[in-house]
Amino acid sequence: MAQVELIMPKMGESIMEATVLTWLKKPGDRIEQDESLLEVATDKVDTEIPSVHAGVLKEILAREGETVKVGAPIAIIEATVPESGSEEKVLEPVESVPQPREEINTETADNGVRNPTTSGRFYSPLVRNIARQENIPISELDTLNGSGAEGRVTKKDLLEYISNRKSGTVDTGAIAAPPVSLNGGDEIIEMDRMRKMIAERMVTSKRIAPHVTSFVEADVTPLVLWRNKVKGEFHKREGEVLTYTPMFIEAVVLAIKDYPMINISVDGDKIIKRKAINIGMAVALPDGNLIVPVIHNADQYNLKGLIHKVNDLAKRARDNKLKPDELVGGTFTISNVGSFGSVMGTPIIVQPQVGIIALGSIQKKPAVIETPNGDAIGIRHKMFLSHSYDHRVIDGALGGMMVRRVADYLENFDTSRVI
């Protein structure tokens with residue numbers, strides 16, 4: 001049988017590495033083609049890696065807990081029939097017993113592997129080596145704002161920090177959390193990996209962007225009445241639930257088209273104006289964590305298409321079956337906090353985006369209704385919308401007009417629409 005080298009596959013446009021969580025097979029085990037071989041985690045999603053060959057798992061090259069670059073070898077398989085075009089490298093048959101691999105110190109070796117810290121943040125071996133040479137502890141690295149992908153600290157960031165550190169223009173003391181006292185009966189719960197990532201990203205976003213939030217209240221009575229009228233027939237015909245989220249996304253997309261400078265990112269002193277409108281939607285998971293799948297090119301969908309897309313992404317998010325590409329590339333995000341009964345919220349921006357809208361619960365309220373015969377008091381369906389935006393590039397006027405425009409589209413919803 002030919003020996004093939006299984007490599008870490010590419011799992012998304014911006015994903016350059018993955019951490020091995022669990023090997024589902026051990027050396028010597030028989031494996032079938034397309035059978036799951038191991039579980040890996042990226043900074044976006046957990047997923048299983050299948051074998052593209054049938055054969056025997058000969059050797060494991062990447063240990064559990066090790067973070068490996070895309071394209072790096074992770075295992076050797078004795079395959080029955082190598083498959084051309086796969087993401088594997090065919091090796092020459094080995095006659096002699098292979099030499100054992102030299103143990104690698106993953107904390108110090110410059111092998112392209114990034115290793116997690118206790119905070120859940122990742123640093124390249126080069127950054128770690130420079131930090132070690134400059135006697136910069138990990139706790140101090142954790143306080144730095146990174147300019148790399150997902151806010152990671154690059155060599156340039158660290159060298160600039162070291163230069164300022166030596167000149168005395170930065171505070172070299174790490175920001176320490178206040179001590180926490182324990183009392184009898186208190187329970188200590190370790191954060192899981194996803195919660196650590198969420199915590200890190202929230203802190204990083206607040207460090208990067210000065211957040212400002214604008215609020216408006218919308219009268220969504222036409223939208224509520226239309227949904228109540230069509231949801232039963234839609235469910236019967238399509239087998240899917242009609243939620244408010246697709247209509248919210250549609251309104252946000254229309255508002256972004258009216259105010260395209262909301263659909264931007266910041267790169268140093270440059271503004272990147274996005275062509276694609278990719279809407280992230282926050283989804284609460286059964287374990288209490290949060291994930292944000294992305295509807296790419298949301299402006300290309302009609303309302304029915306958005307309904308199917310929203311339901312599909314939400315279901316697969318809760319079942320942990322999202323693909324890595326479905327978690328990257330967002331240009332603006334919405335969070336339906338009203339689904340949990342919240343009246344309003346002040347959401348944190350998903351970097352490197354510059355805006356996020358939270359939609360509160362819809363409540364019946366007495367309101368003044370203008371009629372041809374004068375004002376009257378009536379019962380209306382009202383909701384609050386809140387828009388958090390990056391005040392470096394979005395001023396209050398634009399931030400406020402954007403959320404007001406979203407409300408306008410919801411208030412003027414066409415109740416004669418057919419889906």
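This is a predicted model: local features need pLDDT of at least 70, side-chain atom pairs count only at pLDDT 80 or more; totals for chains, interfaces and linings use all residues.
Residues are numbered from 1 along each chain as its sequence is written, and side-chain values use heavy atoms, without hydrogens and water. Local features need pLDDT of at least 70 and side-chain atom pairs pLDDT 80 or more, while totals for chains, interfaces and linings use all residues.

Start with the whole protein, coloured by secondary structure. It has eight helices and 22 strands (DSSP runs numbered from the N terminus: H or I of at least four residues, E of at least two). Of the 419 residues, 43% are buried (under 20% relative accessible area, 1.4 Å probe, protein chains only).

Next, select Ile 249, Val 252, Ile 279, Met 281, Leu 385, Met 402 and Val 406. These have the most contacts inside the largest nonpolar core, which has 58 residues (buried Ala, Val, Leu, Ile, Met, Phe, Trp, Tyr and Cys joined through side-chain atoms within 4.5 Å). Helix α6, residues 245–258, gives the most to this core, with eight residues.

Centre on Leu 385. Beyond its neighbours within four places in sequence, its contacts (heavy atoms within 4.5 Å) include Phe 215, Leu 359, Val 403 and Leu 410.

Then select Val 4, Met 8, Ile 31 and Ile 77, which belong to a second, separate core of 19 residues.

Finish with helices α5 (residues 221–238) and α7 (residues 303–318), whose axes come within 14 Å and cross at roughly 65°. The axes are lines fitted to C-alpha atoms over the stretch in contact, with angles from 0 to 180 degrees between N-to-C directions. Show Trp 226, Phe 234 and Glu 238 in α5; they meet Leu 303, Lys 304, Ile 307 and His 308 in α7.

Terms used: Buried means under 20% relative accessible area, exposed over 50%, partly exposed in between (1.4 Å probe, protein chains only).
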